[in-house]
Amino acid sequence: MFWEILAFILGVTILARYLYPWRNSPLLPPGPKGLPLIGNLFDMPSSSEWLTYAEWGKKYNSEIVYANVAGTSIVILNSAYAAKELLEKRSAIYSSRPRLVMLTELSGWAFAFALMPYNDAWKARRRIFQKHFYPSNTDIYQPLETEYVHQLLFKLLEDPKPFLEHIRHMVGSVALSITYGIKIHTFNDPFINLAERAMTGVSESLVAGAFLVDTIPVLKYVPEWFPGATFQRKARNNRKAAKDIRCLPFIETQKEMASGSVAPSLISLSLQESNSEEYLDLLRDVGTQVYVAAADTTASSVGSFILAMVCFPDIKVKAQKELDHVLNGRLPEHNDMQSLPYLSAIVKEVLRWQVVTPMAVPHLATEDDTYNGYHIPKNSIVIGNSWAILHDEADYPDPHSFRPERFLKDDKIDPFVKDPEEAAFGFGRRMCPGRHIAQSTLWLAAGCILTCFDLRKAVDSNGQEIEPSREYRLGGIIQPLPFACIIEPRSKESEQLLRTALI
Ligand code: HEM
């Protein structure tokens, strides 16, 4: 009996040491203390994680903090400097992705290269993306951005209330048309509906802690009929939606190519290069990835732009003065960017103020490493806290205020102010390869909306202004929740201007 008790105590001690080694090692970065076996499970925030992680940074006076959730190491980088040192300069060992069981293994999204480990499969897909969507290849994305932003103006004129829905439709149309070259219907487009259905499952699964199976992967073997296994039913629906969005628009492009009517796009141009089954499979993967990466993210930024303009009328008026002065009654075009610095500063401030992906997308360390004397264990999940970086007072004084002027000097973009692009779009080799498309869509939409419309707070039945709640749906990608506001043409001329743009 004595030996059995001793063996039991020894076993538990070894297990605890294995699962709870972090606070015994002085070399790990600082962080909350945690409990044996489960570590910091109960310290982990269930929402707005970026705020908690930034607070930990202050509490432990460290730009890098550490937590351990039941044996999984999590390293959070709260400063631009640490993110650059690790995720960029040492990107050879910090560019992989952690396992996302619900999304990749159960919901069928393993083909999405944003979620792939750092390997040849990822490289092959990212290469195709960059080959077509490199920044100076503006012909492939800017004309379609213009077409769908003009369509958005018309919708805002006809029916301004569901403006967030119109924005989603515009962004989705740009993503699908630059990828597949297919024409998107103004209303109720079947491909947009399909993509939105697929996106629902992705967004749900990206919310940290939404599915226990991501923390306890063995649960993936629980059968669908088992009580409580609703995640398996969701995963089955997600798999169907993922399969449809991966195949149906692709088939449409092939059909349009066969009839000779297809517009140039990532898929139609790539299909001219090879027809091997292996290559077609790669293209299906890359094509699907574009919508998933572009839609919610860009829509969030355009929604935040509207919110900012409603909340801060002085800034809106200043931007409209610049537009009126430079454009003299026409709509802005992409090549006006240099002449409209205040508008460009607003776009930068929108991306900084309401960080679309507050914690970017987690990376994975594939080797043991040491940073500033701290040990970073192999297989740590490494999170660049974009929100903390973009609200760092040292780079952006008064960081919670919306102040586009911070990016300007002598009426030009000040090159010495850190460009929010550096953190808003992630880090190192995994940095968003579509960031130039996102920014040019946001810039054009912002310029066209301000040229044509007045944006104001809604008023209640007593004539009192209704302050927008400024609430967001939180998660991996944040989204402004619907808010009431008035969107009206600035004048008869601006209404005429946008009507002619649609012709
Ligand atoms: C405001 C809009 C956008 C934001 C804030 C955004 C942000 C991000 C972030 C934070 C990442 C992860 C970076 C990392 O792992 O460090 C990412 C990845 C990615 N984004 Fe974007 N993105 C936006 C729009 C777009 C658009 C319009 C496209 C395509 C046209 C796109 C395509 C991608 C792809 C393909 C990846 C995966 C990269 C990889 O894992 O190698 N994104 N984006």
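**The ligand shell, the nonpolar cores and selected loop residues**

A backbone N or O atom of Phe427 lies 2.9 Å from an oxygen atom of the ligand, a polar contact being a pair of N or O atoms within 3.5 Å; within protein, one atom must be able to donate a hydrogen and the other to accept it, and residues adjacent in sequence count only if both atoms are side-chain atoms. The model is predicted: local features need pLDDT of at least 70, side-chain atom pairs count only at pLDDT 80 or more, and totals for chains, interfaces and linings use all residues. Residues are numbered from 1 along each chain as its sequence is written, and side-chain values use heavy atoms, with hydrogens and water left out.

Helix 12 supplies the largest share, seven residues.

The shell comprises 28 residues, of which Arg97, Trp122, Arg126, His363 and Cys432 come nearest; a residue is near a molecule or strand if one of its heavy atoms lies within 4 Å of it. By class, 17 of the shell residues are nonpolar, eight polar and three charged. In this classification Ala, Val, Leu, Ile, Met, Phe, Trp, Tyr, Cys and Pro count as nonpolar, Asp, Glu, Lys and Arg as charged, and the others, Gly among them, as polar.

The iron atom of the ligand has Cys432 (SG) as its only protein donor, at 2.3 Å. Donors are N, O and S atoms within 2.8 Å of the metal (3.2 Å for Na, K and Ca); water is not among the atoms, so sites may look incomplete. Cys432 belongs to the loop between helix 16 (421-424) and helix 17 (435-452).

The largest nonpolar core contains 143 residues, and Trp109, Phe305 and Phe453 have the most contacts inside it. Helix 12 gives the most to this core, with 18 residues. Such a core is a set of buried Ala, Val, Leu, Ile, Met, Phe, Trp, Tyr and Cys residues joined through side-chain atoms within 4.5 Å; buried means under 20% relative accessible area, exposed over 50%, and partly exposed in between (1.4 Å probe, protein chains only). A second, separate core of nine residues includes Val101, Leu106, Val222 and Phe231.

Ala229 is located in the loop between helix 9 (212-215) and helix 10 (230-258). Its relative accessibility is 1%, so Ala229 counts as buried. Apart from neighbours within four places in sequence, Ala229 is in contact (heavy atoms within 4.5 Å) with Val222, Pro223 and Glu224.

For Ala360 the angle is about 45 degrees, and the residue lies between helix 14 (341-353) and strand 3 (363-364), in a loop. For Asn372 phi is about 55 degrees, in the loop between strand 4 (369-371) and strand 5 (374-376). Ala360 is buried, with a relative accessible area of 14%, whereas Asn372 is exposed, at 57%.

How values were computed: Helices (H or I, at least four residues) and strands (E, at least two) are DSSP runs, numbered from the N terminus.
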